[in-house]
Amino acid sequence: MMHHVIPLVAGDSQNPQPSGPFQDGAPEGLKPGSEESLLHLLKVMSRDIRGSLLSMLATLKLLNRGYYGNMDEEVANQTKDLISSATRLIGRVDACLGRAFVVKEEVEIAAPKKAGIE
Amino acid sequence: MIPIQAVYPRGGQIYVPRVLVVEDSTIFRTLLKETLQSRFPSMEILEAADGEGAMQQIAAHLPDLIFMDVKLPGENGLDLTARIKAEHPQVIVVVLTSYDTPEYREAAVKAKADHFLAKGSSSREGILTLVESVLRGG
């Protein structure tokens, strides 16, 4: 009978190479394609998106406060609308990030980490 | 009565509060500076884009309050916070981050940061109230 050892420690030569769209995204110490790995990717993605949205929101706020000069009323209103949209999107990303953490805790409870699984 | 927007009495003397913003993003630095200046026009606001710049500013003009971004080029904001708090425990450090997660909060506490603010989730009024509270010694 053949046994497959799937180490949870990164850098092991026996660790099978991941495949598919996330092949470069498997975090250290996590089995590629596992729930933990996918949740990690979700968190990374959410953080990256949040960072970009925050930059956009910061620029919009500076525009809105007249830091770069005055705007026509119509443009100012558009800017306010965009601020609202960006704020809502950040809220969505926060929810996504928060859920990824909650699920992760459940996964950890269900399957505590071991040095290796035979 | 001295208006809070201008100066703060401390040790029987009047002084202008000094704040250091350590943030590699020009946009965020500008936004925070603009936010602080809108309420505290006489506040002295110093800026640094990385750890080295921050330590130079601290050595030259010790601030009362530091806003510290976590993600910085070179030394990260949390390690920098720990170093600053070890040398200058009286300086209040507010950790700023895009990621309000339990890990980051825990790391901020370990680095001896005094406050934790999440970018995008902290309102302008929230930030200003915190600064007022800190400068009043609260």
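Buried residues, those with 20 or more other C-beta atoms within 10 Å of their own C-beta atom, as placed from the backbone, make up 33% of the 138 residues in chain B. This is a predicted model, in which local features need pLDDT of at least 70, side-chain atom pairs count only at pLDDT 80 or more, and totals for chains, interfaces and linings use all residues. Residues are numbered from 1 along each chain as its sequence is written, while chains are lettered from A and ligands numbered from 1 in the order in which they are written.

**Confidence**

- The model scores ipTM 0.75 and pTM 0.73.
- In chain B, pLDDT (the predictor's confidence in each residue, from 0 to 100) averages 87, and 89% of the residues score at least 70.
- Over residues 1-6 of chain B, pLDDT stays under 50, and the model has eight contacts beyond four places in sequence for them; two residues are in contact if their C-beta atoms, placed from the backbone, lie within 7 Å.
- Where pLDDT is low, the predicted coordinates should not be read in detail.

**Architecture of chain B**

- Chain B has five helices and seven strands; helices (H or I, at least four residues) and strands (E, at least two) are DSSP runs, numbered from the N terminus.
- From the N terminus on, these elements follow the order β-β-β-α-β-α-β-α-β-α-β-α.
- Of the contacts in chain B between residues at least 6 apart in sequence, 59% join residues at least 24 apart.

**Helix 1 of chain B**

- This helix, residues 26-39, has 14 residues and reaches 20 Å from its first C-alpha to its last, close to the 20 Å expected at 1.5 Å a residue; the expected span is 1.5 Å times one less than the number of residues.
- Its buried residues are Phe28(B), Arg29(B), Leu31(B), Leu32(B) and Leu36(B).
- The face turned away from the buried side carries Thr26(B), Gln37(B) and Ser38(B), which are exposed, that is, with 12 or fewer other C-beta atoms within 10 Å of their own.
- The buried residues pack against helix 1 of chain A, and also against strand 3 (18-22), strand 4 (44-48), strand 5 (65-69) and helix 5 (124-135) of chain B.

**Chain A and the contact**

- Helix 1 of chain A, residues 35-64, has 30 residues and reaches 42 Å from its first C-alpha to its last, close to the 44 Å expected.
- Just after this helix, Gly66(A) takes a positive phi of about 80°.
- The contact between the chains takes 15 residues from chain A and 12 residues from chain B.
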